[in-house]
Amino acid sequence: MSFSHQTLGQQVHFGVGNLTRDVRSEVTRHQAQQILLIASGSAVAAADELHATLRIAHRIDGARQHVPVEDVESACDAATQVQADLILCVGGGSAIGLGKAVALKTRAPIIAVPTTYAGSEATNVWGVTEAGAKATGTDDVVLPAGVVYDAELVRDLPDELASASGMNALAHCIDSLWGPRADPLNALLAGEAMGALRRGMSPLAAGPGRPGNPGGSGNSGGSAGPGTSGAADSPGAELQARQQLQYGAYLAATAFASAGSGLHHKICHMLGGSFGLPHAQTHAVLLPHVLAFNLPQAPAAGERIAQALDAADALTGLERLRTQIGAPRALRDHGLKEADLDRAAGLILEVVPASNPRKMTSTDAAELIRAAFSGADASALERPVRHLEGSRSP
């Protein structure tokens with residue numbers, strides 16, 4: 001066994017009702033005097049709570065998806081004007097993403113308060129969209145120095161968004177199994193994260209219009225993690241499930257940050273930047289198609305995914321979970337047009353990582369994007385690979 005593993009350092013807080021206490025602790029730790037507060041539109045209440053108790057020099061509300069470059073320029077101007085010495089991001093990936101873009105230019109530290117399961121808070125990855133193209137990169141300065149997870153902030157997250165965001169976190173796990181720096185430690189974190197995410201998403205299946213509770217033992221795929229009592233009908237079970245999702249999202253993003261971006265994320269970032277598709281929903285739709293495509297050349301990854309999802313095989317486990325939580329199915333429902341498919345297929349070929357376990361042809365790219373567009377059965381992409389030159393098995 002021979003590998004190199006990078007661990008990113010953060011102070012991370014988990015709890016219930018701990019928002020103000022732990023954020024104030026982080027502000028004190030950094031001796032911050034001039035705070036730039038960036039909030040998602042859905043996180044106004046939490047931002048208001050913090051604004052009332054902290055020294056906020058400037059506040060930005062309503063961070064937009066995919067971090068438009070004009071928003072970055074405006075936020076950087078504000079940060080410079082008030083001499084911000086700390087960036088406090090409250091919300092989902094959009095707010096944290098904007099904060100990262102500001103930190104990239106100002107070098108100010110970030111404190112992140114996630115209100116979804118996007119996972120950006122645990123990575124050193126940044127992204128900015130300009131002229132219909134999303135540029136991404138890595139820089140340790142954009143890794144939040146502190147993260148505060150308060151389960152109360154995701155208690156009322158709508159089931160539709162919770163399921164899409166949870167699938168986004170699951171995508172971090174799966175991509176980390178064949179990312180360019182994939183290693184046994186990343187795989188271990190990803191396995192634990194997938195089990196926690198499955199347990200956390202299970203109660204979503206009982207919501208209105210859901211097919212019912214998932215099968216399986218309900219206790220496989222890793223240790224229970226924080227906030228788990230085991231009984232689905234115990235007091236506070238829904239809040240405990242949200243904590244499982246936060247715990248799984250953090251571990252998933254930690255594995256992803258170390259392993260690097262794989263095929264799935266490369267495609268999702270391209271689609272979001274080029275066609276304006278919603279981030280979490282795009283991940284949720286595309287994941288089974290990328291998984292099916294890579295599985296023939298990634299049997300070890302498939303076995304780990306199947307075990308974590310308590311299923312006979314990886315694709316069956318993922319499809320069962322997606323069905324139970326009512327996850328998004330087709331990109332045509334989220335803004336992609338049929339006229340865009342040829343261009344999208346060409347752009348996919350441009351972002352396939354050299355480390356991907358399976359080579360991709362133009363035909364493969366066209367079939368994958370068309371299946372994701374229509375919501376077709378992903379298993380058709382899981383066909384035997386005839387030409388194995390250059391492929392590898394994680």
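Phe-3 lies in the segment that comes before strand β1, which spans 11–15. The model is a predicted one. With a relative accessibility of 36%, Phe-3 counts as partly exposed, because buried means under 20% and exposed means over 50%. Together with Met-1 and Leu-185, Phe-3 forms a nonpolar patch on the surface. The accessible area of these three residues together is about 360 Å².

The chain as a whole comes next. It contains 13 helices and 8 strands. Of its 394 residues, 57% are buried. The chain exposes about 15600 Å², and carbon and sulfur atoms supply 50% of that area. Among contacts between residues at least 6 apart in sequence, 74% join residues that are at least 24 apart.

How many aromatic pairs does the structure hold? There are 3. One of them joins Phe-14 and Tyr-250 edge-to-face, with 6.1 Å from centre to centre and 80 degrees between the planes. Phe-14 belongs to strand β1 and Tyr-250 to helix α7 (residues 237–259), so this pair ties together parts that are 236 residues apart in sequence. Phe-14 is partly exposed, at 33% relative accessibility, whereas Tyr-250 is buried, with a relative accessible area of 16%.

Tyr-250 also pairs with Tyr-149. This pair is edge-to-face as well, with 6.1 Å between the centres and 75 degrees between the planes. Tyr-149 sits in strand β8 (residues 146–150) and Tyr-250 in helix α7, so the pair links parts of the chain that are 101 residues apart. Tyr-149 is buried, with a relative accessible area of 1%. Phe-14, Tyr-149 and Tyr-250 form one aromatic cluster. Another ring, that of Phe-293, has a charged residue over its face: Arg-358, at 4.1 Å from the ring centre.

Which residues of helix α1 are buried? They are Leu-19, Thr-20, Asp-22, Val-23, Glu-26 and Val-27. An α-helix has 3.6 residues a turn, so residues three or four places apart point the same way. The elements that cover the buried residues of α1 include the strands β1, β2 (35–39), β4 (86–91), β5 (110–114) and β8, along with helix α2 (44–51).

The last topic is backbone angles. Most residues other than glycine have a negative phi. Gln-31, which follows α1, has a positive phi, near 50 degrees. Gln-83 has a positive phi too, near 55 degrees. Where does Gln-83 lie? Gln-83 is in the loop between helix α3 (69–82) and strand β4. At 64% relative accessibility, Gln-83 counts as exposed, because the cut-off for exposed is over 50%.

Asp-310 is a further residue other than glycine with a positive phi, near 55 degrees. Asp-310 is found in the loop that runs between helices α10 (299–308) and α11 (314–325). Is Asp-310 buried or partly exposed? With a relative accessible area of 23%, Asp-310 is partly exposed, because buried requires a value under 20%.

Key
Residues numbered from 1 in each chain as written. Predicted model: local features only at pLDDT ≥ 70, side-chain atom pairs only at ≥ 80, totals over all residues. Heavy atoms only, no water. Patch = residues over 30% accessible without salt bridge, like charges linked within 9 Å, V, L, I, M, F, W, Y side chains within 5 Å. Areas by Shrake-Rupley, 256 points an atom, 1.4 Å probe, with all protein chains shown as cover. Salt bridge = Lys/Arg side-chain N within 4 Å of Asp/Glu carboxyl O. Helix = DSSP H or I, 4+ residues; strand = E, 2+ residues; numbered from the N terminus. Buried < 20%, exposed > 50% of the residue type's maximum accessible area, 1.4 Å probe, protein only. Phe/Tyr/Trp six-rings, centres within 6.5 Å; stacked < 30°, edge-to-face > 60°. Lys NZ or Arg CZ within 6 Å of the ring centre and 35° of its normal. Contact = heavy atoms within 4.5 Å.
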